[in-house]
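The following questions and answers concern the model shown here.

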Amino acid sequence: MTAAHDSGVWTAFAWVMALLEPIAIELIIFTVTLGFAACLRLFSGKKAPEVAKSVQWKATVPASPVPHSREPKNFGKYQEAFSSRKANVSMASKETLPKQAEQKAERAFSAEVENAPLSYMLDEITAIARDQSTQRGSAQVLQMYQELLQQLSEKGLSIPEVACESKRGGAEFYSAMVYCLVRGSRFNLLHQILDDMAAQGVPRSLYFYESTMKQLAGAKRYKLALAVYDRLESDGLQPSPVTLSCLVNFAVEVGELQRAIEFFDRLASITIPSIRAYMTLLRVHHMRQDWPASLATIREMTRRNVSVDSLALNMALSTGILGEHMEEAEKLLQESSVADTISYNILAKGYAQRCNVMKALQVFPKLRERGLRPNSITFNTVMDAAVRSGELDAAWHLLLDMKEAKIKADKFSCSILVKSLAKDPKALYVRKALELVRQVSASCDKASITNLYHTIFDAACQDPSKKLVQEVFAEMRVHEVEPNAGAQRFMMQAIAGSVKN
């Protein structure tokens, strides 16, 4: 009976413990959590006044975009962080390192503390120099830059050493400085900045040089861009094909034609130049009036499978007619399959300059053979050739051909034919000139109209009947053209002669 009673008691106790076990676990967890929370609140409560004080200080101090002292606005922050780090490492070094190693570690961290404000200045200068929306000018950026250099000199440091602790490297810093100078048109300081970059030991990459030249070209500072290239070459760097093509243009813009040819030759030695580069070279040969070089360039383009378009052909033809190479230029024109009306106008101009009206007139049938049509420039050029050759009848006949071709005479046609009166002031030509002036007067300015009428008046004075002079004078009054001193004197003499008669 006693054993049965004890068994029942133990059974009841087991049931009670089974019921209380989850509750006990919960109580233990609650007690531990409560104790942890009390400790956390105790420690956070001690630091709360300091945090509040720090927040209040930051709220009362106004933000300053540029520190006015040599120490940046976050100098205290850097000092506190690095001092704490220095203390921790110093304690560790005393336990694990010998005294000499401990001193070396302390010196390293002292250097980091001193360099931190300078690296901040470097980052800030870079950001301001790159910022297009800022109101700060390049003068303020340069002032900050000089201040940075002064502090570097005082501490015996260099840009690369400070850049190790900054967000941006030394090359990016100087790229921003160059950008600021170009944007602020401080081109006279560019060489000084590049000299400083070299003195500070900051590497100048090919990308840096090419970016600088691109910015200078955008500002049309081609001579300065060429000077930057000289620095690139002195640093032992090789320009890319794109840069060489740009250098050809830079040299042409500043008139260094021989240097442009040298740049092109370097470009052609490493790749096939573009049609644009060949056009620039042809322009150089045209400025030098070098027909053999122009012809050789056209042949080279064909050999290297570079399409010779009408622009390249016409540039070469223009060079040919400047010298005594008319036959060779005409032969090149006949060989080409891209000739257009402008090509034949250039040929006609060459014959006009040589007073060869017969050759100039042959331009029209050659145009028709190619299925091309003449334009007003074609007629005016051949008309000028006729006037220069003394074939005035042919010149006036070309005016009729223009009308048949439904091409209106313009102020250039009128000027060419009016000037022809100086060679043959026939009354017929004078009256035709008057009629032509009436047709084109709407497209001429006052000065042009005045010069045309004065020329016609001088031609009319050669008429012995004096009636032609009166007609021209009447036309001048209609168009409100004042006669010059010679015309007035002639009219007074004519009036006096009429009264006497």
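Q: Leaving aside its neighbours within four places in sequence, with which residues is Val-284 in contact?
A: This is a predicted model, in which residues are numbered from 1 along each chain as its sequence is written, and local features need pLDDT of at least 70, while side-chain atom pairs count only at pLDDT 80 or more. Totals for chains, interfaces and linings use all residues, and side-chain values use heavy atoms, with hydrogens and water left out. Contact means heavy atoms within 4.5 Å. Beyond the neighbours within four places in sequence, Val-284 is in contact with Val-252, Leu-257, Ala-260 and Ile-261.

Q: Is Val-284 buried or exposed?
A: Val-284 is placed in helix H12 (residues 275-287); helices (H or I, at least four residues) and strands (E, at least two) are DSSP runs, numbered from the N terminus. Its C-alpha atom is separated by 7.8 Å from that of Ala-260, 24 residues apart along the chain. Buried means under 20% relative accessible area, exposed over 50%, and partly exposed in between (1.4 Å probe, protein chains only). Because its relative accessibility is 1%, Val-284 counts as buried.

Q: How many helices does the protein chain have?
A: Of the 501 residues of the protein chain, 38% count as buried. Among contacts between residues at least 6 apart in sequence, 66% join residues at least 24 apart. The chain has zero strands, and its number of helices is 25.

Q: Which residues does Phe-173 touch, not counting residues up to four places away in sequence?
A: Phe-173 is one of the residues with the most contacts inside the largest nonpolar core. In soluble globular proteins, nonpolar side chains tend to be buried together. Not counting residues up to four places away in sequence, Phe-173 touches Leu-122, Ile-125, Thr-126, Tyr-145, Leu-148 and Ile-159.

Q: Is H6 roughly parallel or antiparallel to H7?
A: H6 and helix H7 (residues 190-199) pack at an angle of about 175°, with their axes 10 Å apart. Axes are lines fitted to C-alpha atoms, for helices over the stretch in contact, and angles run from 0 to 180 degrees between N-to-C directions. Angles under 35 degrees count as roughly parallel, over 145 as roughly antiparallel, 65 to 115 as roughly perpendicular and the rest as oblique. The angle therefore makes H6, relative to H7, roughly antiparallel.

Q: By class, which residues make up the contact of H14 with H15?
A: The axes of helix H14 (residues 310-322) and helix H15 (residues 326-335) come within 8 Å and cross at roughly 165°, which means that H14 is roughly antiparallel to H15. Leu-313, Ala-316, Leu-317, Gly-320 and Ile-321 of H14 meet Met-326, Ala-329, Leu-332 and Leu-333 of H15. Ala, Val, Leu, Ile, Met, Phe, Trp, Tyr, Cys and Pro count as nonpolar, Asp, Glu, Lys and Arg as charged, and the others, Gly among them, as polar. By class, the contact has eight nonpolar, one polar and no charged residues.

Q: Which residues of H24 meet H23?
A: Helix H23 (residues 446-460) and helix H24 (residues 467-478) pack with their axes 8 Å apart at an angle of about 165°, so H23 is roughly antiparallel to H24. From H23, the contact involves Tyr-453, His-454, Ile-456, Phe-457 and Ala-460. Their partners in H24 are Leu-468, Val-469, Val-472, Phe-473, Glu-475 and Met-476.

Q: Where is Lys-406 found?
A: Phi of Lys-406 is near 60°, a positive value in a residue other than glycine. Lys-406 is exposed, with a relative accessible area of 78%. Lys-406 is found in the loop between helix H20 (392-404) and helix H21 (411-419).

Q: What is the relative accessibility of Asn-305?
A: Asn-305 lies in the loop between helix H13 (291-303) and H14. Although Asn-305 is not a glycine, it has a positive phi of about 60°. Asn-305 counts as exposed because its relative accessibility is 71%.

Terms used
A nonpolar core is a set of buried Ala, Val, Leu, Ile, Met, Phe, Trp, Tyr and Cys residues joined through side-chain atoms within 4.5 Å.
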